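Subject: Structure handover

Hello,

Here is the structure for your files. My notes on it come below.

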Amino acid sequence: MDKLNILIVASEVVPFAKSGGLADVAGALPKALRALGHDVRVVMPRYYVVDKQKYALKPLEGSLGVPMGSLGEEWGSVLQSVLPQSDVPVYFIEHEGFFGRPGLYDEEGKGYEDNDRRFIFFSKAAMQLAKKLRFRPDVIHANDWHTAALPVLLNTTYAFDPDFAYTGSLLSIHNLEHQGRFPKSAMDALGIGWEHFNVNELEEYDGVNLLKGGIVHADAINAVSKKYAQEIRTREFGWGFEELIEQKAYKLHGILNGVDYEEWSPAVDSLIAQQFDIDDLSGKAVCKKALQQRFTLPQRSDVPVIGLVSRLAEQKGIGLLAEAIWKIMELDVQIVLLGAGEKWAEHFFSDVASKYPEKFGVYIGYENALSHQIEAGSGLFLMPSLFEPCGLNQIYSLRYGTLPIVRATGGLDDTIENYNAKDKSGTGFKFYDATSQALTATVKWAVHTWYEEKDDFEQLRDNAMRQRFDWKVAAEEYVSLYRSIIRGRRKQEEQI
Ligand code: ADP
Ligand code: GLC
């Protein structure tokens, strides 16, 4: 069993559709697994934003019948493409009624009312597709609540299906805050029998919680960093699931995400003003100037530019930043912020920019090229998250020589080493308390280091740029986890 058949099912995948880091992971991990010799297939919905022409999507013959419990059968179709620079097949589940809409999950911040049916349909469609392709997965790898129904389906509807006789499941938790909570009518779409509607499986407060079902039924769960895997066992980070996670700790893992360095390296990045690398940082100065120009900030080379690229959500510590910002604006710094999300934050930070046009630049929206330009042109990068399962931007920042200022939580704590003036070690600046005071003090510390301890700053930058978080390493860890899942499944089957 050297070569594994792996089915990765995700609600968003780079470059086709993205709202956050899940898409980066779902676009990069499969390529790394493929490079290790495995047969990996990816399944995602065909939203309107998926550009058929650009990615040369080809229809797969025939249609896909998906039984939706007591709601009857739904019919979808399938389009096919590959992940860029690879031969990894990506299948897009097409269903006009469910996915022919402008948003992935919501519009104007309001979740679609039929998200339960949309993603239960999608999860079932992935199972039906595997059958249609005669692809017998050794492991189905589900991600977050959207596809958390998969481990449940595998143990119920498909429990005695010979096509999945030895198939195991892994559920990656990229964010425990979002759980897929729905009215109990979601059971109708699942169609697995009401005996599974109980507090030890899918029920929560008389409703259905899809993530809970996934956590209970998956053969293993992965929480995208070691620290986050620990944190979710506590009340502070458990979102009500701490006891459940504690019970399931025997199957909980914390494999850290990697980085796709083909996309996120200043030496090859075609989206930035001038490429650079650790041996020649002159391009970084050009990028800084271009960034200041883009945000109409004074083009000073001496000032530290602090970058921020983020969903504007409470998770990301935007409340702390809003409290701290006036004190930070007293410093000799520039801040550039790219983000979209909560309306109050969009208005608030736009307001700060109009009060401090020479210090604070803001772009409300989603723009991939600009996110690269901020990584490249900034000297420091801010992530004051309240919680952060892994976090990718701080890891991208390291590679661009942009020192992260982070709150020591989840993946931020695991990937950034705090500056130690004694031996000039470290790769960034950390704070522990989730308070605006701690945030302000740490920004001051970083700014002080920039101005007053230039040698140390350069040394830290050098340390940062030497760090590697290759997907290859993470993919190898996934493979050994997949193998242990498969061994466990075989044992179970033999006992039946
Ligand atoms: P999360 O998934 O919680 O949003 P991550 O740090 O894992 O956090 O990943 C966020 C990803 O989304 C990064 O690739 C980041 O560059 C990107 N991103 C976030 N907001 C924006 C934005 N407004 N414009 C462009 N890219 C963004
Ligand atoms: C989630 C988390 C983020 C993580 C990403 C990819 O969106 O909020 O911390 O990096 O998933 O795993």
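This is a predicted model: local features need pLDDT of at least 70, side-chain atom pairs count only at pLDDT 80 or more; totals for chains, interfaces and linings use all residues.

Residues are numbered from 1 along each chain as its sequence is written, chains are lettered from A and ligands numbered from 1 in the order in which they are written, and side-chain values use heavy atoms, with hydrogens and water left out.

Helix α1 spans residues 21–35 (helices are DSSP runs of H or I with at least four residues, strands are E runs of at least two, numbered from the N terminus). Of its 15 residues, 12 are buried (under 20% relative accessible area, 1.4 Å probe, protein chains only). Among them are Asp24 and Lys31. Their cover includes β1 (5–9), β2 (39–45) and α18 (471–495). Just after α1, Gly37 has a positive phi of about 100°.

Around ligand 1 there are 20 residues (a heavy atom within 4 Å). They divide into five nonpolar, nine polar and six charged (Ala, Val, Leu, Ile, Met, Phe, Trp, Tyr, Cys and Pro are nonpolar; Asp, Glu, Lys and Arg charged; the others, Gly among them, polar). β16 (305–312) gives the most, with three residues.

An oxygen atom of ligand 1 lies 2.8 Å from a side-chain N or O atom of Lys18. For Lys316, a polar side-chain atom is 2.8 Å from an oxygen atom of the ligand. A polar backbone atom of Gly365 is 2.8 Å from a nitrogen atom of ligand 1.

Regards

Notes. The expected span of a helix is 1.5 Å times one less than its number of residues. Buried means under 20% relative accessible area, exposed over 50%, partly exposed in between (1.4 Å probe, protein chains only). Contact means heavy atoms within 4.5 Å. A polar contact is a pair of N or O atoms within 3.5 Å; within protein, one must be able to donate a hydrogen and the other to accept it, and residues adjacent in sequence count only if both atoms are side-chain atoms.
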